[in-house]
Amino acid sequence: MKWGLVVFLTLATLVLVAIAWLQSGGVKQHTISSAATPEEAVQALMSNLQAHNFQQAYDSLDRSSDTDIASFIRDVAGSDGSLRTYSSLQSADVSPLHADPDQALVRVRMNWSSALGSLDDVRDLRVRRDGSVWRVVWPKPAFPAVPPQVLSVNYLRWEVIGRNTSQNWGSQDVDSPKVRITSMNAISRPGRVVILGEVENEDTIPAYLNVNATLLKTDGSPLDEEGSFDLISHVLLPKQVSPYRIDFPGVRMDAVKSVRMDARALLVPASADPVIAVADQAVGKDGLNRNVLKGELVNQSGRPVNIAQVLAAYYDDSGKVIWVSDGYVDQALMPQVPVPFAVDIPNDIAERLKSYRVIVNHYSRTSN
Amino acid sequence: MKRTSRSDFEKYRRLAMLALLWALSGWARAADLHPPATVEAGHAFSIPVPGSGPGTFYLVGPDHVVKRDVSLGSDLEIESRDVRAAGRYQVILCDSACTSAPFEVKAAQPAHLSFFLHPSRVPVSTPNSIDGTAFVFDQYFNLVLTPAAVDFQITPASGTGFARRVSSRHGVAWMRTDSTKHEGRVQVTAASGSVQEARVVQQVAAEACALRVKAVPSGNMVTLETDPVRDCSGNTLPDGTVISFTTVDREGKTTVDTPIKKGVARTQLSVHGRAQISVACGVIEGNEVAVNGKL
């Protein structure tokens, strides 16, 4: 009886220790320490990143990795209020590209989820054998730095003094900006109808713009109504042109007789800065062999842009807008620092496109 | 005298009863009251009342009702404040039976103008682009339906102004005119008698005209700068107007939307090899230039 109690307590202690080990990530740690293949090493690293265990992730890297932990965290978790800082790693697909007995090249496609949708980050990682385990070599991230300097910025800004509501009927007021839909094209896509085109602020003041479309049936009654949501540049400076795209999921083109467009503009305070250049735009293929429009964004102003969205309009050889796509950039745009971007182009559009035009939406935490 | 308010439920009930009285009185002795057929808003007047003894007098107007105890045989005094609203009124007098008579209150002399001027901004040299509409009211804000002369005075910031006299119809006078060739404030005044209201239209530059860009290579960069951006009348486009620069070189296409500052738009870009540069303002395209980059 006396020995039975001792055995029971010993077994219970062992079970509790095992549970604690499992809960503290012992399995992952074991996987890291026993990553028998390059893919397992990358998977273990991704698991740590997903769990925000940056220290463990850093510790699991190969010693030849020429990076410090601060740079590593900045590289994977973002900085400067960028979209990456508001994202979390949702999943990671690992596929081997090349393998030798002592080192391998593994492609990982990280899918980050954010409030603005999912973001893909594809990297080719070098993995090295370290004794009986494999470890990822994390290259030292290159964070371009601009020399300390003072930029003089005489930016333009519009403020609005509205009508005093206590004034009499008919008193002086300021009209809303005039905007014009310069083109509209209705196309059929798999499982949806898409309305796209361009809209111009024809006025001399900034406009806050919304474009809505109503699909009408053959009897003239409304079939569906949607807005352009984030596939438009809502704030348009004077003479600025923005593409727009309005999706109607679940609607078939043969059910649509006509389309009623509605562009509504409001007079809002706005700033002309920052100016963002879209450099080296080119259509090509990405690491996953998808058609993309690539380029670099250069913030030509003196203040960081935390979140940037690229909007691209594609034209056929007759100059008609045939597609509008967008993509968020998960890095902050620091002044004068080029930041790469890529937005997807459907295959059939890529075959027909003749030219394209890119504009940038931006958001900064500091008010303008 | 007791005044009633339309906002009170009890008063509405009384009003309904008065309406019934009114209907009955029309059948009873309608010929006994003789108010003037037409009265100017805000003018006091009296109505002779035949008979003797006490009675009750009601005045039912478009926006209020008055009830008063009166002695028959004397004149009924209608105060000016009881006939401020233009429209059709009914006087009702009750003793043993009720009698009533209608009269009309018309707007007084013009004393207020509500002046709408559209738009608040207009491109220069645009035909029939400025609309002015004046509503003529008397001092009690009754619309003056009789024709009244309204003088519109248009005074541009530069150049000579002009005037136009319009007679109001049903209380409304309007005019339409072209914007002039020069940007700036245009003051438009509407006046009727001693009443005057002024509004301002901002004439702004029209679409860009003869848009030109020049490229100045400096090292690995090229500075792009437009000539002063003007419309076809020579007015400078306002600062903040977006100019789109596009450069196509061997690396691809680069676009910059940059606002005009101090009359010109300027940006600096790197080019790789030979580059073709174009410029546009909205849907208006400018010239193209070619440069040879050193990268």
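This is a predicted model: local features need pLDDT of at least 70, side-chain atom pairs count only at pLDDT 80 or more; totals for chains, interfaces and linings use all residues.
Helices (H or I, at least four residues) and strands (E, at least two) are DSSP runs, numbered from the N terminus.

**Domains of chain A**

- Chain A is divided into domain 1 (17–137), domain 2 (157–163 + 172–269) and domain 3 (273–363), with bounds that come from an automatic or database domain assignment.
- Between the C-alpha centres of domain 2 of chain A and domain 3 of chain A there are 21 Å.
- Their contact takes 11 residues from domain 2 of chain A and 10 residues from domain 3 of chain A; two residues are in contact if their C-beta atoms, placed from the backbone, lie within 7 Å.
- On the domain 2 side, strand E6 (179–189), strand E7 (192–201) and strand E11 (241–249) of chain A each supply at least two residues, and E11(A) gives the most, with 4 residues.
- That side of domain 2 of chain A divides into 4 nonpolar, 5 polar and 2 charged residues. Here Ala, Val, Leu, Ile, Met, Phe, Trp, Tyr, Cys and Pro count as nonpolar, Asp, Glu, Lys and Arg as charged, and the others, Gly among them, as polar.

**Where chain A meets chain B**

- The contact takes 29 residues from chain B and 32 residues from chain A.
- Strand E9 (112–118), strand E16 (195–204) and strand E22 (252–259) of chain B each supply at least two residues of the chain B side, and the largest share, 8 residues, comes from E22(B).
- By class, the side of chain B that touches chain A has 13 nonpolar, 9 polar and 7 charged residues.
- Strand E14 (residues 276–285) of chain A pairs with E22(B) in the antiparallel sense over 3 bridges; two strands pair if DSSP finds at least two bridges between them.
- Within E22(B), B:Thr255 is the residue opposite A:Val278.

**Nonpolar cores and a buried tyrosine**

- The largest nonpolar core has 80 residues, and those with the most contacts inside it are A:Leu209, A:Ile276, A:Leu297, A:Ala308, A:Val310, A:Ala312 and A:Val324. Such a core is a set of buried Ala, Val, Leu, Ile, Met, Phe, Trp, Tyr and Cys residues joined through C-beta atoms within 7 Å.
- Strand E16 (residues 307–315) of chain A gives the most to this core, with 7 residues.
- Not counting residues up to four places away in sequence, A:Ile276 touches several residues, including A:Leu297, A:Ala308, A:Leu333 and A:Val360.
- A:Tyr58 lies in helix H4 (residues 54–59) of chain A.
- A:Tyr58 counts as buried because 20 other C-beta atoms lie within 10 Å; the cut-offs are 20 or more for buried, 12 or fewer for exposed, and partly exposed in between, counting other C-beta atoms within 10 Å of the residue's own, with C-beta atoms placed from the backbone.
- Leaving aside neighbours within four places in sequence, A:Tyr58 is in contact with A:Ile69 and A:Phe72.

**Strand pairing in chain B**

- Strand E4 (residues 53–60) of chain B and strand E7 (residues 87–94) of chain B run antiparallel, joined by 5 bridges.
- E7(B) also runs antiparallel to strand E8 (residues 98–106) of chain B, with 8 bridges, and a hairpin joins E7(B) to E8(B) through 3 residues.
- In that pairing, B:Cys94 stands opposite B:Cys98 in E8(B).
- Strand E11 (residues 130–137) of chain B is mostly covered, with 6 of its 8 residues buried.
- E11(B) is joined to E9(B) by 7 bridges and pairs with strand E14 (residues 172–177) of chain B over 6 bridges, both in the antiparallel sense.
- B:Leu113 stands opposite B:Val136 in E11(B), and the bridge partner of B:Asp131 in E14(B) is B:Arg176.

Technical notes
Residues are numbered from 1 along each chain as its sequence is written. Chains are lettered from A and ligands numbered from 1 in the order in which they are written.
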